[in-house]
Amino acid sequence: MDGDPVTIRVLFEEPEPPEAGETCPHCGQGFDYRQLAAALYHRQPAHEPLPLQ
Ligand SMILES: [Zn+2]
């Protein structure tokens, strides 16, 4: 048998996407950068951590 089927599959599969979590450098709160509202909020130079639900 030529080649390892597991290795071949790994070569052709898309790599796992990186974690979507970011930690805000301003308030230290973790957020998901895919959430536009949160991403924009944490880009403000001065803000408080968002209240957790
Ligand atoms: Zn923040």
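Author: Before looking at the metal site, take the term donor, which here means an N, O or S atom within 2.8 Å of the metal (3.2 Å for Na, K and Ca), and since water is not among the atoms, sites may look incomplete. The model is a predicted one, in which local features need pLDDT of at least 70 and side-chain atom pairs count only at pLDDT 80 or more, while totals for chains, interfaces and linings use all residues. Residues are numbered from 1 along each chain as its sequence is written, and side-chain values use heavy atoms, with hydrogens and water left out.

Reader: Which spacing do the donors of the zinc ion follow along the chain?

Author: The spacing is C-x2-C-x14-H-x4-H, and the coordinating atoms are SG of C24, SG of C27, ND1 of H42 and NE2 of H47, at 1.9 to 2.3 Å. C24 sits in the loop between β1 (21–23) and β2 (30–32), whereas H42 belongs to helix α2 (residues 36–42), so this pair ties together parts that are 18 residues apart in sequence. Helices (H or I, at least four residues) and strands (E, at least two) are DSSP runs, numbered from the N terminus.

Reader: Why is the arrangement around the zinc ion called tetrahedral?

Author: Ideal angles are 109.5 degrees for four tetrahedral donors. Four donors count as tetrahedral if all angles lie between 85 and 135 degrees. Here the 4 donor atoms subtend angles of 103 to 114 degrees, which makes the arrangement tetrahedral.

Reader: Are C24 and H42 buried or exposed?

Author: Buried means under 20% relative accessible area, exposed over 50%, and partly exposed in between (1.4 Å probe, protein chains only). C24 has 3% relative accessibility and counts as buried, and H42, with a relative accessible area of 4%, is buried as well. Taking contact as heavy atoms within 4.5 Å, and leaving aside neighbours within four places in sequence, H42 is in contact with several residues, among them C24, F31 and L50.

Reader: Which residues make up the largest nonpolar core?

Author: Such a core is a set of buried Ala, Val, Leu, Ile, Met, Phe, Trp, Tyr and Cys residues joined through side-chain atoms within 4.5 Å. In this model the largest one has 5 residues in all, namely C24, C27, F31, A38 and A39.

How values were computed:
Tetrahedral: all angles 85-135°; square planar, octahedral: opposite > 155°, others 65-115°.
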